[in-house]
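Please look over the model shown below.

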Amino acid sequence: MNRDRTKMLLGYLLTFLIIITLNFFIPRLMPGDPFTSLSSEEGDITVIYSEEQIERYKRYYGMDRPIAEQYIGYLKNLLKGNLGYSIYYNQEVVSILKNRVPWTVAIVICSLIISSFLGTILGSISAWFRNSKLDKILYISMVFISEVPAFLMGILLLFFMAGRWGLFPLSGGMSMFTQYSTKCEVILDILHHAILPVMTLSIAKLGEFYLISRSSMLSVMSKDYMKTARGKGLKSRRILFRHGLKNSILPVITRIFLSLGSIFGQAVLIENIFNYPGIGTLMRQGVMVRDYVLIQGIFLFVAITVLTMNFIADLIYKKLDSRVR
Amino acid sequence: MDMKGDFMGKPLLSVKNLSIEYEGASERTLAVDDVSFSLNRGECLGIIGESGSGKTSIAMAIMGILPSSAHVKGSIMYDDVNIQCLSEGERNMYRWGEIAVVFQNSLDVLNPVLTVHEQIYECIIEHTSLYKGEADRRVENLLELVGLDPQVSEHYPHHLSGGMRQKVLIAMALSCNPKILIVDEPTSSLDPWAKDEIIHLLKELQRQNNFAMIVISHEIHIISQLADRLQVMYSGCIMERGYTEDILQTPMHSYTRGFINSSPYINPYKDLWGIPSEAYSSSIRKGCPFYNRCYQRLELCSEKKPELSYVATEREIACNRGGIITILEAQDIDKTYEFNGNEILACKGCNIHIRSGETVVLMGESGSGKTTLATIISGVLEADSGQVQFLGKRVEGNNFTSQMGGIQIVFQDPFSSINEFLTVEEAIVEPLTITGIVEKDSRRHMVKLALKDVQLPYDDGFLARRCYTLSGGQRQRVALARSLIMQPKLLIADEVCSMLDPSTQANILRLLKGLQNAKGFSMLYITHDVAIAQKIADRLYVMHEGSISEENLLDIR
């Protein structure tokens, strides 16, 4: 038992080290550098540098030194919890992240909850009424929406629900330049802005959870214990949700945590569609201006999140399935 | 009508004309074919049969939990209600509360993510009016009742051993005091000690709670200890039905006999021989389901499906021939030899009968009259009084020994029973030559087949060898081949092994038994050796000073 745990922790540590290393090298392998960028985006104050200044800043940020030396320096700083100083924003990366991360995490978590919950319920019902009309309709529509790219879905929603019908704001995380009288209004405004991005992300993930839940429930339904439950004369609701779902949910839960990686990817695109102030828009910005330090910070954050979630998935799986304990 | 008659007259459960067909991807499989039976209050009915005979399908049909690919016809009446016609919700009132199942023990039979407690508890809450606390206590009581520590209730199914899981299944089935308990293969995955424990437990629980029970198993051992009545199933049909003890003692259907003969529990000493070939399954079935494996099939059997009908009190069988036929019957045979004025009584009032496909051993010391009796039975020697009937006709002279499908006899001494100057071919073909019943051209082929059957070489070189060049064992095989070429229905083997060395003896014995199993002839085996009798006999006659009596195989030592 203890040995297993040590093995697992070592595994995570190794993965982490590899990620840090990749994280350091990938931005530096991209063409261009932070100081030749000329574009600047709305609201942010940027500077255009002269040759002389670039030389100076390169020296200042240590970019004139050999890459191995830079790498060691990077590791040293990481140990101190210092993610560096954004070249473009002229601000600590940690504090930029602190401002942006909650927005992204909020929409990601909300849409994961919504899509996994709905997907599981629909998948289970579909499996329960296998080969019926309901099952067929659900199956086809779910396969269809899971094939529609998230950004396309986002643009469609934006176009109709915000643009044409004006139900939701067009962009941003909250209304600019408004006075709120109560805290409640702030929250409502934030929710109002979050609905479309969350909806887009949820729809993008729904098909995946539906399909997993359906196939998992189908295999559970062929098990002997489901026959036992039917033989015991229990109500269908109890057989489906207590006997069936408790078994079929295991792969769904694993998938929730495993899909965190991909959902961050989708969040990046969707945030850019809705101009949502999360790390997605931040990352785009960072990439555009080759802000190595910022990109590294974001990548590191995402990597740590995904690793942590995997770890939690392991723990929860053990808790749910008494056989793995 | 008295009380008892009325009580017996109304069965608790009656199944009528039940047919179950599974729809596969390409074809339909008939799992249960027009089965009717009933179950009285408090009794235990056994259903036995090899795997795939439809036993479990019947149980699942009674519970109404067959998969959706199954098409069910017929009615299942429980206490005057046809539960087959009820809606799913109405059926739930009968499930578990009235009829419960001890499901076949498998790793997945209990839900892996629910505790033992919850799985028993939910039945009680669903079907009884007990409150939460009372139900909790009932779960504990049930676990104690089946001999488990109540602490087991907090465990998950994978923590339990096979035997414990079986007990949990029993406790779960009894949780709502059902009137009928269906027990499906209660012991299939258990060791012998756990088996005995479960049998004992089920017996005791039935005595205490007085539920009616249907035990489904392929193990005779289990059935014989639990079931009052027994029905034997084959390929979805009931082949034989009656009291358990009677059926095990004298099976009347050739399938039942084959099944019983395959059980080491019934035959502790005897060599085991399964029923040759396999059951076939198909949805379009014509004739008797056992047709392709039956020894005594007729042309008729491939056309007509036999009905289950009474052949004796409380005994029904489904066979176009009325069950295992008696192939030979000898009654009151007397024979006296006169020798120098002295009378020697060789046989007095001997009765013997041989049924189709069985091995009867006639045992007795030298000079007790065995060979005389055997020779009379074959018709070669005439009796002073009494008569021998073979397939309903009187045996006289060589009328049956000179016939294909008649009686053949193999003697003790292969050296004198075969003319040693004949070639192997001449020796074997002799019966055909004498009787002239087979075309000349095909004789050689038949000789080769017979040699192949007795595991001798059948090349031209061997056919041309003179018999005096053969060893004792080889000669006895040649003698056997010579009998087999007449395709006898009864083979009398008179001490065929006593002149051979032990190894050859064992080989010949196994060869004989194997041939019998494959070809299905009956055999009268004459010996003075108790051990051999126990090894091969289905039934045993003991002869002493000219009189004969039938003995139980397990009683002789």
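How many bridges join strand E1 (residues 13–23) of chain B to strand E2 (residues 28–39) of chain B? Eight bridges join E1(B) to E2(B), and the two strands run antiparallel. The model is a predicted one, in which local features need pLDDT of at least 70 and side-chain atom pairs count only at pLDDT 80 or more, while totals for chains, interfaces and linings use all residues. Residues are numbered from 1 along each chain as its sequence is written, chains are lettered from A in the order in which they are written, and side-chain values use heavy atoms, with hydrogens and water left out.

**Chain A**

- The C-alpha atoms of chain A fill a box of roughly 85 × 60 × 40 Å along the principal axes.

**The hairpin of chain B**

- E1(B) and E2(B) form a hairpin, with four residues between them.
- Within this pair, Glu21(B) stands opposite Leu30(B) in E2(B).

**The eight-stranded sheet of chain B**

- Eight strands of chain B form an open sheet in the order E6-E7-E8-E3-E9-E10-E12-E11, with mixed pairing (two strands pair if DSSP finds at least two bridges between them).
- Strand E6 (99–102) and strand E11 (308–312) of chain B are at the edges; each has a single partner strand, so one side of each is left without a neighbour in the sheet.
- Neighbouring strands of this sheet are turned by 20 degrees against each other on average, direction ignored.
- Strand E3 (residues 44–48) and strand E8 (residues 212–217) of chain B pair in the parallel sense over five bridges, and Cys44(B) stands opposite Met213(B) in E8(B).
- Helix H6 (residues 162–174) of chain B packs on the sheet and touches E6 and strand E7 (180–184) of chain B (contact means heavy atoms within 4.5 Å).
- The direction of H6(B) makes about 175 degrees with that of E6(B) (axes are lines fitted to C-alpha atoms, for helices over the stretch in contact, and angles run from 0 to 180 degrees between N-to-C directions).
- Helix H10 (residues 254–261) of chain B also packs on this sheet, touching E3, strand E9 (229–234) and strand E10 (237–243) of chain B, and its direction makes about 100 degrees with that of E9(B).

**The four-stranded sheet of chain B**

- Four strands form an open sheet with antiparallel pairing, in the order E14-E13-E16-E17 (chain B).
- Strand E14 (342–355) and strand E17 (393–394) of chain B each have a single partner strand, so one side of each lacks a neighbour in the sheet.
- Strand E13 (residues 326–339) of chain B is joined to E14(B) by ten bridges, and Lys335(B) stands opposite Cys347(B) in E14(B).
- Helix H11 (residues 370–378) of chain B packs on the sheet, where it touches E13, E14 and strand E16 (385–390) of chain B.

**The interface of chain A and chain B**

- The contact takes 21 residues from chain A and 27 residues from chain B.
- Five salt bridges are counted between the chains (a side-chain nitrogen of Lys or Arg within 4 Å of a carboxyl oxygen of Asp or Glu).
- One salt bridge joins the side chains of Arg242(A) and Glu118(B), at 2.5 Å from N to O.
- Helix H8 (224–231) and helix H9 (236–258) of chain A are the elements that give two or more residues to the side of chain A that touches chain B.
- The largest share of that side, six residues, comes from H8(A).
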